[in-house]
Amino acid sequence: MDPEEIKRRFRARLVGNVIALLMVAPASFVIVEALRGNAAGLGVHSTFLIVAAVVLAVAAATFTVITWRCPACGFGFGFGLKVFPSTCPGCDARLR
Ligand SMILES: [Zn+2]
């Protein structure tokens, strides 16, 4: 694959996964509040809200597992601290 195409695809995946992460933040808040027993404080439709939050969090995690990979070799970057690699640990392709 063309090196510029790899970088372009990596940027697209990066944007998608940052958006997924931003959606998980409020969902996590709702789930944590519910687990702490504060579900009533979340509003009248708290059950719906909690289910929606869990579905959203699972969907975002699934999206990340499927898409957060090297565009060249498919190496999964995972959820670790090396979330913004500059080169692929699997094939050494330049990603940025
Ligand atoms: Zn790779």
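How many helices and strands are there in the protein chain? The chain holds 2 helices and 0 strands, with helices (H or I, at least four residues) and strands (E, at least two) taken as DSSP runs numbered from the N terminus. The model is predicted: local features need pLDDT of at least 70, side-chain atom pairs count only at pLDDT 80 or more, and totals for chains, interfaces and linings use all residues. Residues are numbered from 1 along each chain as its sequence is written.

Of the 96 residues in the protein chain, 16% are buried. A residue is buried if 20 or more other C-beta atoms lie within 10 Å of its own, exposed if 12 or fewer, and partly exposed in between, with C-beta atoms placed from the backbone. Contacts are pairs of residues whose C-beta atoms, placed from the backbone, lie within 7 Å. Among contacts with a separation of 6 or more, 42% join residues 24 or more positions apart.

Helix α1 covers residues 3-35. Its 33 residues should span 48 Å at 1.5 Å a residue, and its end C-alpha atoms are 46 Å apart, which agrees. The expected span is 1.5 Å times one less than the number of residues. Buried positions in α1 are I6, F10, V24, A27, V30 and A34. The cover over these buried residues includes α2. After α1 comes G37, with a positive phi near 85 degrees.

Two packed helices are described by the angle between their axes and the distance between the axes. The axes of α1 and α2 come within 8 Å and cross at roughly 150 degrees. Axes are lines fitted to C-alpha atoms, for helices over the stretch in contact, and angles run from 0 to 180 degrees between N-to-C directions. The two helices are therefore roughly antiparallel, a term for angles over 145 degrees. On the α1 side, the contact includes R13, G16, N17, A20 and M23. On the α2 side, the partners include L49, I50, A53, V54 and L56. The contact residues divide into 15 nonpolar, 5 polar and 1 charged. Ala, Val, Leu, Ile, Met, Phe, Trp, Tyr, Cys and Pro count as nonpolar, Asp, Glu, Lys and Arg as charged, and the others, Gly among them, as polar.

P71 lies in the segment after α2 (46-67). P71 counts as buried because 20 C-beta neighbours fall inside 10 Å. Leaving aside residues up to four places away in sequence, P71 touches I6, R9, F10 and R13. C88 is 17 residues from P71 along the chain, and their C-alpha atoms are separated by 9.2 Å.

Key: Contact = placed C-beta atoms within 7 Å. Parallel < 35°, antiparallel > 145°, perpendicular 65-115°, else oblique.
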